[in-house]
Amino acid sequence: MKKNNFDSSEQSSKNVYEGRIRKLANVLQLGEPKPIKNNLQMLCPFHIEANPSFGINTKTGKYHCFACEAGGHISKIVEDLRSNIIAEKVGDIYNFEINAKFDTVSFSSKPTGYEVGAIRNKLEKASLSKYKIKKLLDLITTGHTVSLSGAKTNAEWQGQQVVMVDLDNKSQDVTMADVISYA
């Protein structure tokens, strides 16, 4: 009987972080984690990549990316992601990519009533893609609705890379330098 209890607790200690890792992968849209020994392998949240190089150990919670060398513990990953984004050089901000969805219809004035509902429905069905900040600014300033990360739940909103401010019709007077200065 003791052996069964020991085996059971040993098994649960092996995968103590698995639930958190899978939730993180879902919120950050890092792809379906693939089990490799004690790790779950997925796309790296610290850089853009096509092939998964980022692993988190299900027993220890430690993560490591073999491509960009990011490393740490899952309990600090949100802090690490924030630090990574803040550390981006301002001169490189145009090359920084963000997950987003956008409405293909542009509006010259703020949408109301039926239009808002139609936009919401289209954004739910739109595919999530990576866009450079310059492209997002072009879309926003030409009247398109943009949804960052396609977030629906509180956890998804909290896991976003960027927060946007709706400036309405004043956006024509705001430059990227103004936005960076304000941020």
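## Main nonpolar core

In this predicted model, the largest nonpolar core has 18 residues. Such a core is a set of buried Ala, Val, Leu, Ile, Met, Phe, Trp, Tyr and Cys residues joined through side-chain atoms within 4.5 Å. Buried means under 20% relative accessible area, exposed over 50%, partly exposed in between (1.4 Å probe, protein chains only). M42, F46, F54, I56 and I77 have the most contacts inside this core. At least two core residues come from each of α2 (18-27), β2 (39-42), β3 (54-57), β4 (62-65) and α3 (77-86). The largest share, three residues, is from α2. Helices (H or I, at least four residues) and strands (E, at least two) are DSSP runs, numbered from the N terminus.

F54 touches residues including L40, M42, F46, Y63, C65 and I77, leaving aside those up to four places away in sequence. Contact means heavy atoms within 4.5 Å. A second, separate core of nine residues includes F96, I98, L136 and V146.

## Helix α2

I21, L24, A25 and V27 are buried in α2. Seen down the helix axis, the buried residues of α2 fall within an arc of 165°, so they line one face. The arc is taken over directions from the axis to the C-beta atoms. Exposed G19, K23 and N26 sit on the face turned away from the buried side. Just after α2, Q29 takes a positive phi of about 55°.

## Confidence and conventions

The average pLDDT (the predictor's confidence in each residue, from 0 to 100) is 75, and 68% of the residues score at least 70. Where pLDDT is low, the predicted coordinates should not be read in detail.

Residues are numbered from 1 along each chain as its sequence is written, and side-chain values use heavy atoms, with hydrogens and water left out. Local features need pLDDT of at least 70 and side-chain atom pairs count only at pLDDT 80 or more, while totals for chains, interfaces and linings use all residues.
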